[in-house]
Each structure stands twice: as structure tokens, then as C-alpha cells.
Amino acid sequence: AAEVRSTFSKYGGNLGETGSVSFGFKRLGSITINKQNINEEDLFDFIIENGSEDYELNDDVYNIYCDQKNLHQLNQKIIDKFGPTNFTGLIWKSENDVTVTGDNADSLFKLLNVLEENEDVQAVSSNFDVSDEILATLTA
């Protein structure tokens, strides 16, 4: 805990009490599947009919969210219909995003990288939103 606390301080963050921000996150089942060879409309119709709550897509994968009680059942239905999934597990999904800009975004990404590299940290959840323009400057 001391190392994590030190990391937060170094990058301008604060370590809150247990559960102090949990109100901003919802515990959901998460299933990730490659977009390759899967029509978005077919997947969307299928997951709506089979109990998903939400989904997101990025360049390579669909992220499907569901009630945690339905995770394994929905995952099996997706596998049966579309093939193997990449990830199935429980996550904390943000209910409200916070926009981060400029130097704050740079510090945030440094903090997240250090936390993810720490062997004592099991998972990192966040609720930030960074514009594509700022993201491009940070990854360049």
C-alpha cells in the first residue's frame, strides 16, 4: 500500500478510502470478441435478445457488457453463435466520465502505466475521457 500511495502522490493523485469512489462505477460482466468476420448489426441484435446491457466497439474488438449474473450464459451463447471470445470477466465500468486535457492527461497516463506495472496491483479502473487529438500528442 505504501508504494501505491507514493505512486499516487508522485503523479498528483490521491489514494482514497476503500469504496470512496465505488458509487461512480457499476460491476458488470464483460465479454470481448474480435470484430473480424462478425457483422455489427447481427451481433447487436443477438446480444440485445440475449440479455446484454451495453456494448462498445473499437478498431479490433466488440466489448459487450451484461449483468454479472448472466456473464457465463451470455458468453456461451456468443461462442456458440460467433466463435471464441477473447476475454470474459467481471469489471468495474464507469458511470460518469471526466474529461482530462493537457498536462493532466500526460500525468494521468504516467500514473496508469506505473500502477499497471506494479505487481501488487491486480486491476486498474478509471473514468477518464481524453480527446483523440490529445491522445495523439501523448503517443507520438
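**Close-up views of a predicted model**

View 1. Setting aside neighbours within four places in sequence, Ser94 contacts Gly24, Phe25, Ser126 and Asn127. Ser94 belongs to strand E4, which spans residues 87–94. Its relative accessibility is 17%, so Ser94 counts as buried, the cut-off being under 20%. Two polar contacts of the Ser94 side chain are shown: one to the backbone oxygen of Asn96 at 2.8 Å, and one to the side chain of Asp97 at 3.4 Å.

**View 2. Helix H2, its buried face and its two ends.** Leu43, Phe46 and Ile47 of H2 are buried. These residues line one face of the helix, because they fall within an arc of 95 degrees when seen down its axis. They pack against strand E2 (52–57), E3 and H3. Glu41 and Glu49, on the other side of H2, are exposed. At the start of the helix, a side-chain oxygen of Asn39 comes within 2.8 Å of the backbone nitrogen of Glu41. Just after H2, Gly51 has a positive phi of about 95 degrees.

**View 3. Helix H4 and the elements that cover its buried side.** H4 comprises 16 residues, 102–117, and spans 23 Å from first C-alpha to last, close to the 22 Å expected at 1.5 Å a residue. Its buried residues are Ala105, Leu108, Leu111, Leu112 and Leu115. They lie on the same side of H4, because they cover an arc of only 125 degrees around the axis. An α-helix has 3.6 residues a turn, so residues three or four places apart point the same way. Among the elements covering the buried residues of H4 are helix H1 (2–10), strand E6 (128–129) and helix H5 (132–139). Asp103 and Glu117 are exposed on the face of H4 turned away from its buried side.

Terms used: Residues are numbered from 1 along each chain as its sequence is written. This is a predicted model: local features need pLDDT of at least 70, side-chain atom pairs count only at pLDDT 80 or more; totals for chains, interfaces and linings use all residues. Side-chain values use heavy atoms; hydrogens and water are left out. Helices (H or I, at least four residues) and strands (E, at least two) are DSSP runs, numbered from the N terminus. The expected span of a helix is 1.5 Å times one less than its number of residues. Buried means under 20% relative accessible area, exposed over 50%, partly exposed in between (1.4 Å probe, protein chains only). The arc is that of the directions from the helix axis to the C-beta atoms. Contact means heavy atoms within 4.5 Å. A polar contact is a pair of N or O atoms within 3.5 Å; within protein, one must be able to donate a hydrogen and the other to accept it, and residues adjacent in sequence count only if both atoms are side-chain atoms.
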